[in-house]
Amino acid sequence: MSPQELKTRIASGLLSFPVTHFKEDFSLNLDSYQEHVGWLSGYDAAALFAAGGTGEMFSLTPEEIGEVTRAAKAVAGNVPIISGCGYGTAMAKDIARRAEAAGADGLLLLPHYLMEAPQEGIYQHVKAVCDSTGLGVIIYNRANSVASADTVARLAEACPNLIGFKDGTGKTELVRHITHKLGDRLSYIGGMPTHELYAQGFNGLGLSTYSSAVFNFVPELALSFYKALNSNDNATMAKLLDAFFFPFAALRDRQKGYAVSMIKAGVELIGHKPGPVRPPLTNLTAQEKEQLKALIAGATA
């Protein structure tokens with residue numbers, strides 16, 4: 001898929017991040033992963049992200065990111081697969097090359113490792129990754145890597161294959177500045193944890209779509225919310241927020257890292273075998289898993 005084709009595709013519908021499946025010894029379980037990705041591909045997602053944040057990219061080796069991307073691509077059918085990418089510039093370029101070789105349709109460039117950086121450093125980092133690949137690249141503003149509107153504009157000018165911007169900061173004034181300044185040059189993605197909680201507000205800022213983590217285990221519910229958002233069906237959105245998303249967020253906020261652990265537990269509860277999260281994340285307790293089970297049952301009844 002060309003960068004411009006990917007840009008059009010990601011703006012056309014809901015996006016999601018399949019969790020990465022592990023065995024009990026924390027090695028990859030690609031058979032189980034492919035069963036899950038193949039199942040998700042049967043729903044109406046515009047694209048799926050392999051080895052993204054919810055896919056625990058931060059605990060995967062560059063080699064594993066390539067393996068996971070290749071496995072997802074093999075079973076995704078016509079659904080584009082966008083690979084996670086990140087860390088320092090040299091490692092990010094290596095991951096980009098591995099993802100491209102594995103058949104990825106694009107890259108989501110997550111924040112560089114640990115250190116904060118000035119705008120010139122962010123510019124040089126993103127440009128180096130874009131220059132290293134022919135794939136379409138989506139920049140992800142989050143945590144220690146937050147590009148200004150001017151930096152995003154410079155990158156869009158210098159990198160024809162920069163096709164998307166994703167926000168995980170929640171900084172509404174920055175998001176609006178970027179969408180205003182760049183216009184239709186990029187596709188814009190909402191990326192706050194459990195973004196459904198923010199979707200109505202950010203939709204008005206020019207974000208044309210968002211990534212839904214809960215699509216991993218309640219895809220029909222996730223799509224119902226997305227469709228309600230795009231048809232201004234406030235009653236349906238309010239019902240789903242009360243029945244599922246608000247209590248889900250309350251359970252998620254009990255522990256740091258549960259934004260990932262909750263999703264993996266949900267995938268297990270519907271019958272797949274994603275295995276444990278890798279350290280330093282922790283799994284839900286038995287009691288918390290029962291609470292999530294009841295929440296899923298109540299919301300999908």
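A nonpolar core is a set of buried Ala, Val, Leu, Ile, Met, Phe, Trp, Tyr and Cys residues joined through side-chain atoms within 4.5 Å, where buried means under 20% relative accessible area with a 1.4 Å probe, protein chains only. In the largest such core, with 98 residues, those touching the most other members are I10, V214, F217, F244, F248 and L292.

The model you are looking at is predicted: local features need pLDDT of at least 70 and side-chain atom pairs count only at pLDDT 80 or more, while totals for chains, interfaces and linings use all residues. Residues are numbered from 1 along each chain as its sequence is written, and side-chain values use heavy atoms, with hydrogens and water left out.

Let's turn to the sheet. Eight strands make an open, parallel sheet in the order 1-2-3-4-5-6-7-8; strands are DSSP E runs of at least two residues, helices are H or I runs of at least four, both numbered from the N terminus, and strands pair if DSSP finds at least two bridges between them. Strand 1 and strand 8 stand at the edges with a single partner strand each, so one side of each lacks a neighbour in the sheet. Strands 2 and 3 pair over three bridges, with F49 opposite I82 in strand 3.

Contact means heavy atoms within 4.5 Å.

| Helix | Residues in the contact |
|---|---|
| Helix 10 (residues 234-252) | A243, F244, P247, F248, L251 |
| Helix 12 (residues 286-300) | E288, Q291, L292, L295, A299 |

Beyond its neighbours within four places in sequence, F248 is in contact with T194, V214, F217, M262, I263, L292 and L295.

Note on methods. Axes fitted to C-alpha atoms, helices over the stretch in contact; angles between N-to-C directions. Buried < 20%, exposed > 50% of the residue type's maximum accessible area, 1.4 Å probe, protein only.
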